Amino acid sequence: MARQLEAQIVGHFPVGQRLRVLDVGMGQGTQALRLARAGHQVTGLEQDATMIAAAREALAAEPEGIRERVRIFEGDGRETGVHFLPGSFDVVLCHGVLMYVEEPDPLLAGLARMLAAGGLLSLLVRNGDALAMRPGLQGDWAGALGAFDTTAYTNRLGLDVRADRLETLTATMAGIGAPLRAWYGVRVFTDTAPDGVAGIAQDPDAEALDALLAAEERAGRTDPYRRVAALLHLCGVRG
């Protein structure tokens, strides 16, 4: 998934442009490290001490040139104005965060202020218009029926969280000055697969993995498939 997101993000900029990236809720740093390896300057913001430790450990294993391109801050995504000046970044990532935030609008408005003109706001959210897909594909008919008229769900960690609808976020992004430019489906075919890359993380057949990723990438850009994806990747551009 990280490779798919990286391609969708950098595809909005001229080839070879070195970007200033803010990764809000960076977790263990998977996406941040991918972007740093590609030559971009990455600032990670994370409030979970365990995740920060994991990110620092992963970063320590990288060559010096990559380590120099990454900064890690401890903090909440709603406090970006405390740490950074407005307009400081070309890209702001907020991936897998909004489902934990009851009122996301103030957070998103603060993230938009961090963007330079023409900067990209990248959101990865649970698709509130497709919550019935996972239980339905697993044969949980009661769960599927209960998912149609709600944005609340229980994630794989057992936490009660919330999903976002494309229409709602489109309106929000327009209102904060980073209107939606493009959107993609993520995990169209692989949402119910075991952990790892669709359950074939140990499969030595690179050709099979490439085919899987190509199918996901194609579906993520194509209607009607992207509309039933487990996750949505929304890209808004600061005017």
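**Notebook: helix 1 and its two partners**

I looked up how helix 1 passes helix 10, and I found a right-handed crossing (right-handed if the near helix is turned clockwise from the far one by less than a right angle, left-handed if anticlockwise). I noted that this is a predicted model, in which local features need pLDDT of at least 70, side-chain atom pairs count only at pLDDT 80 or more, and totals for chains, interfaces and linings use all residues. Residues are numbered from 1 along each chain as its sequence is written, and side-chain values use heavy atoms, with hydrogens and water left out.

I read that helices are DSSP runs of H or I with at least four residues, numbered from the N terminus. Helix 10 covers residues 206–220, and its axis comes within 10 Å of that of helix 1, at roughly 45 degrees (axes are lines fitted to C-alpha atoms over the stretch in contact, with angles from 0 to 180 degrees between N-to-C directions).

I listed Arg3, Gln4 and Gln8 of helix 1 in contact with Asp210, Leu213, Glu216 and Glu217 of helix 10, where contact means heavy atoms within 4.5 Å.

I then turned to helix 2 (residues 30–37), which packs against helix 1 (residues 2–10) at about 55 degrees with the axes 10 Å apart. That angle makes helix 1 oblique to helix 2, and I noted a right-handed crossing here too. The contact joins Ala2, Arg3, Leu5, Glu6 and Val10 of helix 1 to Thr30, Gln31, Arg34 and Leu35 of helix 2.

Key: Helices (H or I, at least four residues) and strands (E, at least two) are DSSP runs, numbered from the N terminus. Angles under 35 degrees count as roughly parallel, over 145 as roughly antiparallel, 65 to 115 as roughly perpendicular and the rest as oblique.
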